[in-house]
Amino acid sequence: PNNIGESDAPQWFNLFALHQNREKGRGSKNCIQEAMIPEWMDFVCWGHEHECLIEPQESVVGTFRISQPGSSVATSLVIGESSTKKCGVLDIRNQNFRLKPLPLT
């Protein structure tokens, strides 16, 4: 018999890295919608978008956090590209994480 209690079950931290458009006025067919990501994810690192939104934000579905590091250099002259570019160090311990943003200068 399998009598593994919850405290004996393996603990996983589910990280999803993807490189695709986010849903921001592009229409539902030209992007990945947050609702398409499984609810059991803990953290999503969203690539492809140029704007630096590295501080983790709660997802629309409310079950995971999203970090969008953005491009490492300005690629166009729009407001979203004018902020300081950053990378980050992600520290994961059990089910908890912290992201330390580091400015790129």
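View 1. Serine 71 counts as buried, with a relative accessibility of 15%, where buried means under 20% relative accessible area, exposed over 50% and partly exposed in between (1.4 Å probe, protein chains only). The model is predicted, so that local features need pLDDT of at least 70 and side-chain atom pairs count only at pLDDT 80 or more, while totals for chains, interfaces and linings use all residues. Residues are numbered from 1 along each chain as its sequence is written, and side-chain values use heavy atoms, with hydrogens and water left out. Serine 71 sits in the loop between strand 4 (65-68) and strand 5 (86-93); helices (H or I, at least four residues) and strands (E, at least two) are DSSP runs, numbered from the N terminus. A polar atom of the serine 71 side chain lies 2.9 Å from the backbone oxygen of valine 73, and the side chains of serine 71 and lysine 85 are joined by a polar contact of 3.3 Å. A polar contact is a pair of N or O atoms within 3.5 Å; within protein, one must be able to donate a hydrogen and the other to accept it, and residues adjacent in sequence count only if both atoms are side-chain atoms. When neighbours within four places in sequence are left aside, serine 71 is in contact (heavy atoms within 4.5 Å) with Glu49, His50, Glu81 and Lys85.

**View 2. The salt bridge between glutamate 34 and arginine 22.** The closest N and O atoms of this pair are 2.9 Å apart, a salt bridge being a side-chain nitrogen of Lys or Arg within 4 Å of a carboxyl oxygen of Asp or Glu. Both glutamate 34 and arginine 22 lie in the loop between strand 1 (15-19) and strand 2 (43-47), so the pair ties together parts that are 12 residues apart in sequence. Glutamate 34 is buried at 14% relative accessibility, and arginine 22 is buried at 7%.

**View 3. The network of Asp91, Arg93 and Arg98.** Aspartate 91 forms a salt bridge with arginine 98, with closest N and O atoms 3.0 Å apart, and another with arginine 93, at 3.6 Å. Through shared partners, these salt bridges join Asp91, Arg93 and Arg98 into one network. Arginine 93 is exposed, at 56% relative accessible area, and arginine 98 is exposed, also at 56%.

View 4. The structure holds 0 disulfides, a disulfide being a pair of cysteine sulfur atoms within 2.5 Å. The sulfur of cysteine 87 has its closest cysteine sulfur in cysteine 52, 9.1 Å away and too far for a bond. Cysteine 87 is partly exposed at 33% relative accessibility, whereas cysteine 31 is buried at 8%.
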